[in-house]
Amino acid sequence: VHPHHCDVRLVKLFGDVTNYRMGIVPRSEGAWREFKYGSAITTNGPGSLTATGRRAELLVAKKETLDTTGLYMKAWELHTIYVQGGCRAAWLVIEGAEDPDYEPLCWSRNETHDLTGLYKPMTAQEAAAILQITFNEMR
């Protein structure tokens, strides 16, 4: 569960995609752990999640299905995306106005995370394959 560094519009390309906007209740015994996120994009190194020691309960504030018109979210809104296991889906994240108060924090119920494979460059062949899948799924 995470915010964004800017306002976003999420637009479904194909598949069933559910967006959950979340509310947070700080609680020392909470099931959710807070992590500081280090992006591989902005650090030019491997991505990282570092536990802050803070915990909370997160509650679903709004459940919504992504569609091809998209949905808008302010940068500070906490959310997560769900795609049912075994299913394929894709969506665009269109970035808007930057949030000057953005803090790279996220929440997880897991203690450890493997960020291997995030933000890897694609070859032209991989990009063409994704475009072909998207085209086929949209028919």
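Which residue is the bridge partner of Phe35 in S4? In strand S4, Phe35 has Ala51 as its bridge partner. The views below come from a predicted model, in which local features need pLDDT of at least 70 and side-chain atom pairs count only at pLDDT 80 or more, while totals for chains, interfaces and linings use all residues. Residues are numbered from 1 along each chain as its sequence is written, and side-chain values use heavy atoms, with hydrogens and water left out.

**View 1. The open sheet of five strands.** The strand order is S6-S2-S4-S3-S8, with antiparallel pairing. Strands here are DSSP runs of E with at least two residues, helices are runs of H or I with at least four residues, and both are numbered from the N terminus. Two strands pair if DSSP finds at least two bridges between them. Strand S6 (78-82) and strand S8 stand at the edges with a single partner strand each, so one side of each has no neighbour in the sheet. From one strand to the next, the twist averages 50°; axes are lines fitted to C-alpha atoms, for helices over the stretch in contact, and angles run from 0 to 180 degrees between N-to-C directions.

**View 2. Strand S3 and its two partners.** Strand S3 covers residues 32-38, and five of its seven residues are buried, so the strand is largely enclosed by the rest of the structure. Buried means under 20% relative accessible area, exposed means over 50%, and partly exposed lies in between (1.4 Å probe, protein chains only). Strand S4 (residues 48-65) runs antiparallel to S3 and is joined to it by six bridges. Strand S8 (residues 105-108) also pairs with S3 in the antiparallel sense, over four bridges. In S8, Phe35 has Cys106 as its bridge partner, and Arg33 has Ser108. In a regular strand the side chains alternate between the two faces of the sheet.

**View 3. Glu34 and its surroundings.** Glu34 lies in strand S3 and counts as buried at 6% relative accessibility. A polar contact of 2.7 Å joins its side chain to that of Thr52, and another, of 2.5 Å, joins the side chains of Glu34 and Arg54. A polar contact is a pair of N or O atoms within 3.5 Å; within protein, one must be able to donate a hydrogen and the other to accept it, and residues adjacent in sequence count only if both atoms are side-chain atoms. With neighbours within four places in sequence left aside, Glu34 is in contact (heavy atoms within 4.5 Å) with Thr50, Ala51, Thr52, Gly53, Arg54, Leu105, Cys106 and Trp107.

View 4. Glu34 is in strand S3 and Arg54 in strand S4, so the pair ties together parts 20 residues apart in sequence. Arg54 is partly exposed, with a relative accessible area of 47%. Arg33 forms a salt bridge with Glu111, and the closest N and O atoms are 3.2 Å apart. Arg33 lies in strand S3 and Glu111 in the loop between S8 and helix H2 (124-138), so this pair ties together parts that are 78 residues apart in sequence. Arg33 counts as buried at 18% relative accessibility, whereas Glu111 counts as exposed at 59%.

**View 5. The Arg21 and Glu64 pair.** The whole structure holds six salt bridges. In one between Arg21 and Glu64, the closest N and O atoms are 2.4 Å apart. Arg21 is in strand S2 and Glu64 in strand S4, so the pair ties together parts that are 43 residues apart in sequence. Arg21 is buried at 12% relative accessibility, and Glu64 is buried with a relative accessible area of 12%. Salt bridges that share partners join Arg21, Lys62, Glu64 and Glu77 into one network.

**View 6. Nonpolar cores.** The largest nonpolar core has eight residues: Val1, Tyr20, Met22, Trp32, Ala56, Leu58, Leu78 and Trp107. Such a core is a set of buried Ala, Val, Leu, Ile, Met, Phe, Trp, Tyr and Cys residues joined through side-chain atoms within 4.5 Å. Strand S2 (18-26) and strand S4 each supply at least two residues of this core. Another core, of seven residues, lies apart from it and includes Val17, Leu66, Leu71 and Met73. With neighbours within four places in sequence left aside, Met22 is in contact with Val1, Leu58, Leu59, Val60, Ala61, Leu78 and His79.

Conventions. A salt bridge is a side-chain nitrogen of Lys or Arg within 4 Å of a carboxyl oxygen of Asp or Glu.
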